[in-house]
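The following note sets out several points on the model shown below. Please read them alongside the sequence and coordinates.

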Amino acid sequence: MSSLPAVLVIDDEPHIRRLLSGTLARAGYRVAEAANGRQAIEALPQAQPDVVLLDLGLPDRDGLELIPAIRKQSRAAILVVSAREATEQKVTALDLGAVDYVTKPFDTEELLARVRAALRGRLTAEGGRTGVTAGGVAFDLVNHRVTRDGEEIHLTPKEFAVVAELARFPGRVITHRQLLDAVWPLEHERHIEYLRVVIRNLRQKLEADPARPAIVVNELGVGYRLMGAEG
Amino acid sequence: MSDPDRPDPDALLRVAAQEGRGRLKVFLGAAPGVGKTYEMLLGGAERMRDGADVVIGVVETHGRAETEALTRGYEIVPRREIAHQGHVLREMDIDAILARRPGLVLVDELAHSNAPGSRHPKRYQDVEELLDAGIDVFTTVNIQHIESLNDVVASFTHVRVRETVPDRLLERAEIEVVDLPPDELIERLKAGKVYVPEEATRALAHFFSKSNLSALRELALRRAAQAVDTQMLDYLRSHALAGNWAVGERIVVAVSELSGSEELVRAAKRTADAMRAPWTALHVETPRQQHFGEEERRRLAAALNLASQLGAAVVSVPAETVTEGIRSYLAEARATQLIVGKSARSRWFELRHGSVVDRLVRSTPGVAVHVMPMERGAPAAPRQRRRDYGSPAAYGLTTAMVAAVTMAGSMLLHILDLGNVALLYLLPVMVAASLYGRWPALYAGAISSLAYNFFFLPPTGTLTVQNPENVVTIIVLLGVAVATSQLSARVRAQADLAAGSARQNAALAGFLRRLGDAANEEELMQAVCAEVARLLDLRTVMLTMSPDGPLLRAAFPPEDRLETMERAAAQWTLERGLPAGRGSDTLTASDWLFYPLKAAGGTIAAIGLARDDAQGTVRSDQIPLLMSLLDQAALALERMRLRDDMRGVAELRERDRLRAALLSSVSHDLRTPLTSILAAVRELRQAPSPALIETIDAESQRLNRFVANLLDMARVEAGAMKLGVEPVDLTDAVAAAVHDTRATLDGHAVRLDVSPGLPLVRVDPQLFHHCLINLLDNAGRYADPGTPIAIAAERSAGSLALSVLDEGPGLPPGREAEVFERFRRLEGSDRSKTGTGLGLAIVKGFAEAMGLSVEAANRGEPRGARFTLRFPEALLIRETGEESAL
């Protein structure tokens, strides 16, 4: 039994908990539930979750406070599922250590995809991946090579640095700050426009239709994620 | 003037004003001691017997036993004690009476002056306040205290009383003459039954002569008869009964700075009363006025003030001479009666200037001119007439000019004869006259003739004249000097006067312009304060009435609070619409003088004026300008209020429309999808059906979108949207919007024409996302089925436009802009569309918050609508520094 990945659902709405538990169980996960922050902390040692689905609007404490608390006790990937859709909430949650953010009402299929992505990220240990293929493009992070159908795509160092950050955790949102810190560590001001320009150039080189990006996808006001990763 | 069959509106107003007011009964006596107080107490007792609630406000018994006895049985309102210079004065306590609210109050000695520090300086003002409060008043007064008869009484008794009561009180009162034949009164006086202040005994002995008493008695009876007449006339007029009264008489009294002007004003009041005619006090501003001393200004202001208190309109006109000013005003106002005073001027003055009266009679045909002798009165303070003799420099330059002409003359002597040299001397005379005025010109004439005589006329070097012909030359020279200087002095005076009028007109015009700039009431009030302060060199405040009393609204220079006394004065002005404070006749201890700003609806504000040196606030020559300013300010304020009211009504209506629209929208747009979902769920319990699941899915999406829009609308309404602006790539924004609307754009393909090379834009990504979603949603709803929706970005000089285009019926021509209004669904086609009516309003609200503009238009071919978001240049990020970053 313990081989099945475990998910802890933290939400004060019984309907939502029931719906999520059913969906996740059908998808083959072990599911535990918690209705508030206190129950969630108590449930952690027993449930040993690999993924936590966290609602921010809990009755006893704010879900954002719970993120560091959970991370202290557990190595579970935290996925925020909330009706709050303000950009700064998303960025705060991600910066606190959540791996993803899904707004309610959510599409169940999409939620399951995010859970899978989170699990993948967690399975590939702390340093992230060494290589991934997305949308027909292979990213070799060890040898700094990006190829499509075996043919090398030439990237500038900055372009590679950005795409490498994304490829390390495929499917997961990497916030603007994380990207800027990793790629322009010496710039103290946050020049998002640098990032935008680099992304634009990347898309010209990687995407089949740069006007409809399918590989480097923008998360409004939050960051970017690498989509279409296979395996 | 008016149709005699119709009620006179003024008379109706007077009668109407009586309703709700207390009734006044005046016990009028010819002299002290006739028994007015006694009669009043008897009358009060009678009313008490009839069941009325009667109290004594103030009754002076002067220790007379029979009077004293009568006060028993009355409730007496205790008097208020006022400390004044070590004495304790006991005055009627008007507040206590107002609080007690009796039906009738007895108030002795109507003409009494209150102790300093009282609310009103005069007791009759207390009485007026009691009447206004609906309390009946019995009071007593002697005939010599009636304002308009004051002079008449003084003329034969030679005793002038300073305490007077305005005639208007008697006009509304029931008058009972307390009559006592002179012989009996003299008997009573001898028997010591008449109270006489000791220091006045000697004067009064003369006063109580039989002839005086008879005359006074006659006056009292006549005045009472006149009051009855007046009341009768009012009755006749208000009931439109044909009466016999003079129609269309207009009386003008010319007021000057001379000492008899106040009597003149009172005489005019009597004439106006007798003729039942409106009257105007006219003051002609002549250039002479500039030389007025303090005393003359004060007398003029006092006369104008008295006139306005007695009910006259006060007018001030600038003119070169008094005659000219009066003549033009009479013509303009179509006056029929003119009252002027004949001053005791010297014969010499009249010979030189001619009599003003004679000229007036000649120049104003059709106007009856009444000439009143002006009482010499107290000799005016020595005339501090400041004559403009010209500066020493003027004389110096004049001398230099004459010297220069003398030199020029001696050089030209070989080509000019002596007569022409004399002509040369006219030059300095004319120049001095036009530049420096009369006296330097005369001086120039004198030294020119001396110089001519000395240097040119044989024998030269002496002041003797040989040839008699040359004497004529000298006389002509002097004559020209005199005439020219007179002429030029007059021209200068006229120019000064014109400049004065022009200044006043310019001041008014500037004032109006400033007021026109004000965007709201606060600004307007501040502008009025600042302008009045600037034009009249005063400090100003403006107050309006609020539930908590007068509220300070504006001040110049800024002032944040007023003393209690000032607040009381302001309140008085706001409530009564009358001036109050220093220089008025109410609450004179205040440092400020308050004037009401009156509009059609009553007093809308009070403006307070004060001078830094705490002197008299407004100079008499400033009064006409001040009044014009206040009139204009009141008009401007009223206009602004009306405008605000109108806007308020429009806003209210719009809010009502929105509320109704919101209710219908919420009930329709929430219930419809809920109904579908509930129905589908019920069906699903019977048999599983993928189509029903699709329905539930679609309807849930719709509900979700609607709720999101309601939330967004609430953010737009709240106004204070927090923007998280960052550089956004339009490619990302468009891709995200297309992604999020893919479910609702059923069947419409989206065509993108967004070049990847466009500049980044500075917007809030979330808000911008909602704009795009709503535009796509709207396009999907209104486009013909199966047609593509296009998103196109276009770079042009100065802006970047992102448009969403559909193919469909488009917008009703001419009403494109209306689509952005809340809950506005334009009926462009016969299909009923399911929309919330909120989407496009949100687009506009969000876009404008971010600094974008929105446009809606119809496209040409293919037919359809085009919605455009336009980014101004400032929101675009030029691709600079890119290389260094990479």
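1. A:D55 counts as buried because 25 C-beta neighbours lie inside 10 Å (buried: 20 or more other C-beta atoms within 10 Å of its own, placed from the backbone). The model is predicted: local features need pLDDT of at least 70, side-chain atom pairs count only at pLDDT 80 or more, and totals for chains, interfaces and linings use all residues. Residues are numbered from 1 along each chain as its sequence is written, with chains lettered from A and ligands numbered from 1 in the order in which they are written.

2. A:D55 lies in the loop between β3 (51–54) and α3 (63–73) of chain A (helices, H or I, have at least four residues and strands, E, at least two, as DSSP runs numbered from the N terminus). Beyond four places in sequence, A:D55 contacts A:I10, A:D11, A:D12, A:G63, A:V81 and A:S82 (contact: C-beta atoms, placed from the backbone, within 7 Å). An unreviewed UniProt entry lists A:D55 under "modified residue: 4-aspartylphosphate"; such annotations may be inferred rather than shown by experiment.

3. In chain B, an open sheet of five strands runs in the order β20-β22-β23-β25-β24, with mixed pairing (strands pair if DSSP finds at least two bridges between them). β20 (750–753) and β24 (853–859) of chain B stand at the edges with a single partner strand each, so one side of each has no neighbour in the sheet.

4. β24(B) pairs with β25 (residues 864–872) of chain B in the antiparallel sense over seven bridges. The bridge partner of B:A857 is B:R866 in β25(B).

Definitions and conventions: Buried ≥ 20, exposed ≤ 12 C-beta atoms within 10 Å, placed from the backbone. Contact = placed C-beta atoms within 7 Å.
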